[in-house]
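Welcome! Take a moment to look over the sequence and the fold, and then we can walk through some features together.

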Amino acid sequence: MFKHIVIFKFSEFAEGSSKEENTQLAKQQLEMLPNIIPQILGYEVGINSFNDPRAYDLVVVASFKSVEDFLVYRNHPDHAKVLEFIMKRVEDVKVVDYLLQ
C-alpha cells in the first residue's frame with residue numbers, strides 16, 4: 001500500500017475569499033475526487049480544529065494499492081484542477097509519501 005499525506009497552510013485572504021472560505025471550498029473539491037478516480041482506496045480530508053500557531057489548515061490522507069495507482073491520481077486532470085485552485089490560495093504545502101510494507 002502507498003500513502004500520500006499533504007498539509008496545506010492557507011493565506012489569510014486570497015482570490016477574493018477568507019482563509020475559512022477557501023479551506024471549506026478546497027475540502028469540498030478534494031472530497032469529490034474519490035468518486036472520480038477509482039485508484040483511490042482511502043481518502044480523508046480534514047480541517048484543523050485547534051488554533052495553534054504551528055498548525056496547518058487542511059490535511060489530505062490518501063491510500064493507494066501501488067505507486068502506479070498514486071501516479072494515476074497525481075496526474076489525473078480532475079486532481080490537477082483541484083490542485084490549481086488550492087495552490088492559488090495557500091502560502092505553504094508539505095507532503096509525505098511512503099510505502100507500507
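Which residue forms a salt bridge with Lys 88? The partner is Glu 84, with the closest N and O atoms 3.8 Å apart; a salt bridge here is a side-chain nitrogen of Lys or Arg within 4 Å of a carboxyl oxygen of Asp or Glu. Please keep in mind that this is a predicted model, where local features need pLDDT of at least 70 and side-chain atom pairs count only at pLDDT 80 or more, while totals for chains, interfaces and linings use all residues. Residues are numbered from 1 along each chain as its sequence is written, and side-chain values use heavy atoms, leaving out hydrogens and water.

**Salt bridges**

- By this rule, the count comes to six salt bridges.
- Asp 57 forms a salt bridge with Lys 19, their closest N and O atoms being 3.5 Å apart.
- This pair links distant parts of the chain, 38 residues apart: Asp 57 sits in the loop between β4 and β5, and Lys 19 in helix α1. (Helices, H or I of at least four residues, and strands, E of at least two, are DSSP runs numbered from the N terminus.)
- Asp 57 counts as buried at 11% relative accessibility, and Lys 19 counts as buried at 14%. (Buried means under 20% relative accessible area, exposed over 50%, and partly exposed in between, with a 1.4 Å probe and protein chains only.)
- Asp 52 forms a salt bridge with Arg 54, the closest N and O atoms being 2.9 Å apart.

**Helix α1**

- Helix α1 covers residues 19–36, which makes 18 residues.
- Its buried residues are Lys 19, Asn 22, Thr 23, Ala 26, Leu 30 and Leu 33.
- Seen down the axis of α1, these buried residues fall within an arc of 100°, so they line one face of the helix. (The arc is that of the directions from the helix axis to the C-beta atoms.)
- On the other side of α1, Glu 20 and Asn 35 are exposed.

**Helix α2 and Asp 69**

- The buried residues of α2 are Asp 69, Phe 70 and Tyr 73.
- The face of α2 turned away from its buried side carries the exposed residues Glu 68 and Asn 75.
- Asp 69 is buried yet has no salt bridge; Lys 65, the nearest side chain of opposite charge, is 4.7 Å away. (Lys and Arg count as positive and Asp and Glu as negative; His and the chain ends are not counted.)

Notes: The expected span of a helix is 1.5 Å times one less than its number of residues.
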